[in-house]
Structures are given as structure tokens and as C-alpha cells.
Amino acid sequence: MDASKPGALDGVFVLDLSRILAGPTATQLLGDLGATVIKVENPKTGGDDTRGWGPNYAKGTDGKPTDLSAYFMAANRNKQSIAVDISTPEGQDIIRQLAARADIVIENYKPDGLVKYGLDHATLRAAHPGLVYCSISGFGQHGPNRDQPGYDLMAQGYGGIMSLTGEPEGAPMKVGVGIADVMCGMYATIGILAALRHRDHTGEGQHIDLSLVDAQMAWLINEGCNYLTSGQVPERRGNAHPNIVPYDAFEVSDGHVLIAVGNDAQFARFCDALGVPELAQDARFVTNLGRIENRESLIPTLRPILSKMAKADILQMLQEVKVPCGPIHDVAEALASEQAQARGTVVEVEREDVADGHVRLLANPLKFSATPVRYDRAPPRFGQDTQAVLASLKSAKKQD
């Protein structure tokens, strides 16, 4: 990271009224790109709910757990935290003052949940027509389910992805992380940047209405389009692919490997490498369409062949003939891999009040040639910037 270079969003001011994961993911991305992000946290609850979502916490210099849970730190770097009770007139006034300075407001209250405080999009945009205001909710601002709460688990269930995840004979399974929240946060970031460009051209802000369920249905991608094209409900296939065969996790003598044969030429090379060239010449398996139609014959034929081979041997053999394959890492193996180290996948951000003098975080994957990602601020302690931000508001009033 070159701290001397400006971020792509330097000068952009974000007022963050969101919590948990989807909204904070979006505002962390904006902060990584150089925006100033003020995170508003509720003093009645001790801040963002995820501060209490342990069991893993950064320890303070006294060796005791802080309010910096691993979950909270995953989505809250490059932000300033202020403790403000928006249910009070004083708190509402502070938010209105910040909104007057903001380019972007992002919130994830229930639909119309901020109307009673006068902090909803219609009220704030009437006062500040250039404001880009993004609302994230479980089901969106309208529709029969608009008032239902939105959590990642329910979004994955309602939006269909759980029906596609897991072993064919097993129970529907959520993805191992809050992927519906994270992807919603990414859609929010894209929408905010598009609206910001429109504002910069026209002076006109706008309201962005985004829901976890809408976003999750949008990334059903090929399986969603498979259904829309055929009318047939997709099935759970474990690690297998509905449109490519063989494409799966295979057991070998010392673990598992991933093999993804993407075309017919790769399949021929795959069979040669395994010592069974006749499979590539079998009329049932010559084309990918044939392999899909006859997967129940092909896969049971391949599994015993692969099960006798060692992981390192099969990966080297297939890599040499340019057949896509790979290992299945656990998290420790993934983050310690040579590739992760070369790409800077883990970053250390200084924090004097924690035991090691820094926290270790997952890096932003974007690599810019001119406006690099910045890691200027470690995830904040609850309310740590309240006094500084309020002082800046007082100073701005005097100047006005």
C-alpha cells in the first residue's frame, strides 16, 4: 500500500446507519477506496450487534477481550465510530447535521423504520437533493413480505440457494459464510457508485432500494436460468455441476481433489492421464452433453480409478496436461498458501490498544494501479470517535 497516493473516493463522505453485515460490507468497501465513513452506533445496545458475536475477540493490552470481535472486524475497518441515540431529538439533530455534509447515507432498518425520526430517505433528500441514500432490508421497501426481518439464513432459504447446496440425499444447506449479506453489500456498493456518478453529472441524488432476497435471487445465475429455460426445478448435486461433467470433488488415497473438466478436449487429456483413453472414445462420453446425460455411468467409473491415486500425484499429472484441478484447503491452508502471501491476502492494521499492536484482517482483493486500497483505520472501538466528530460539527457551525 502506498499511503502517499489518494484513494479513488477521497473526498466522499459516507454516513453509515447500518449494522450486522450487508450494509457494513458496503461501507467498508467505500472506506477502503478512500471515502470518509462515519459509523453510527446505538449507545443503548453497546453498538453494532456483531461486537458481541464471539467467541473470538482481539485482546487488549491487559489481555482481556475487547469489543472488537472477529465478526465485527471483518466488515468495519476504515470507519469512525460515534455513539448516537437516534431515538432522541439531540441524536436526530446530530444525524441531520452529518447528512447535510454527506454524499451517501446507507441504512438497513426495517422499511419506514426511520420515518418516525425524520431520518428516512424522503425527508433527508428533500433537504439535500443531491444525497445518495441506500436502504437495505430483508425483502425490500414494498411487497407482501416487506415487514419481515431479514437475516442471511432466511434470505438463503427464501431465495433458493439452500435448495441447491448440500448432498443430494441430505438436508438443504446454507453456504458456510453469510454470502447473501456479503453479495447484497457488493450490489449496494455498485449501486451507490452508479448513483454517485449520476449525481456528479446532474446534481440529482436518488434512493436505492435493495433487499437481501432480491440480491440472492439475482445470483442464482446459471441455475436460475436453467429453471427459467427448462421449467425443471434444479436439484442439489453436492459439489457436482449441473452443466459440466466431470466437475466434482473426488476422493483420492490421502484426501480429496477437485477436478473440473470444462470441454471435450480436456476430457480426452484427462482420460489419457488416468490411463483410460477408451472412456474418451466411448460414444456416451465424447461430448459434454453426452457426459451430462450419462453422468450416472461415468462418475462411478472414475471414482475407483481416482481413489487409488495420491493427491499430489493426480494434481501434478492433471496440471501437466492442462486439465483444471486443485486442492481443497481449510482456512489456515488457504491463508498461508504461497499464492495468498504473494497477493497480500492478509493485512496487519495498527491498533495500539490491542495486545499485538495490530489486528490481522482479510485484505480487499482489488488491485489498483493508480488509486490503491488504503488501510488507514483499524476497526473502531465503540464510540471512539464521538467527541472528535461532534467537535467537527461545532466547528463547521461556527464557520457557517
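In the predicted model, Gln216 lies in helix 8, which spans residues 212-218. The residue has a relative accessible area of 0% and is therefore buried, the limit for that class being under 20%. From this position, the side chain of Gln216 reaches the backbone oxygen of Gly159 at a distance of 3.3 Å.

Ser81 is placed in strand 5, comprising residues 80-83, and counts as buried because its relative accessibility is 0%. The side chains of Ser81 and Glu41 are joined by a polar contact of 2.6 Å. Once neighbours within four places in sequence are left aside, the contacts of Ser81 include Lys39, Glu41 and Arg51. Ser81 is also in contact with Pro380, Arg381, Phe382, Gly383, Gln384, Asp385 and Thr386.

The crossing in which helix 3 passes helix 17 is left-handed. On the side of helix 3, the contact is made by Asp93, Ile94, Gln97, Leu98 and Arg101. Helix 17 contributes Val389, Leu390, Ser392, Leu393 and Lys397.

Strands of a sheet pair through backbone hydrogen bonds, in either a parallel or an antiparallel manner. In the present model, three strands form an open sheet in the order 9-10-11, with antiparallel pairing. Strand 9 (247-252) and strand 11 (325-327) are the edge strands, each of which pairs on one side only. From one strand to the next, the twist averages 30°. Strand 10, formed by residues 255-260, runs antiparallel to strand 11 and is joined to it by three bridges. Within this pairing, Gly326 of strand 11 is the bridge partner of Leu258. The sheet is also packed against by helix 13 (residues 295-307), which touches strand 9 and strand 10. The direction of helix 13 makes about 40° with that of strand 9.

Terms used: Residues are numbered from 1 along each chain as its sequence is written. This is a predicted model: local features need pLDDT of at least 70, side-chain atom pairs count only at pLDDT 80 or more; totals for chains, interfaces and linings use all residues. Side-chain values use heavy atoms; hydrogens and water are left out. Helices (H or I, at least four residues) and strands (E, at least two) are DSSP runs, numbered from the N terminus. Buried means under 20% relative accessible area, exposed over 50%, partly exposed in between (1.4 Å probe, protein chains only). A polar contact is a pair of N or O atoms within 3.5 Å; within protein, one must be able to donate a hydrogen and the other to accept it, and residues adjacent in sequence count only if both atoms are side-chain atoms. Contact means heavy atoms within 4.5 Å. Two strands pair if DSSP finds at least two bridges between them. Axes are lines fitted to C-alpha atoms, for helices over the stretch in contact, and angles run from 0 to 180 degrees between N-to-C directions. A crossing is left-handed if the near helix is turned anticlockwise from the far one by less than a right angle, and right-handed if clockwise.
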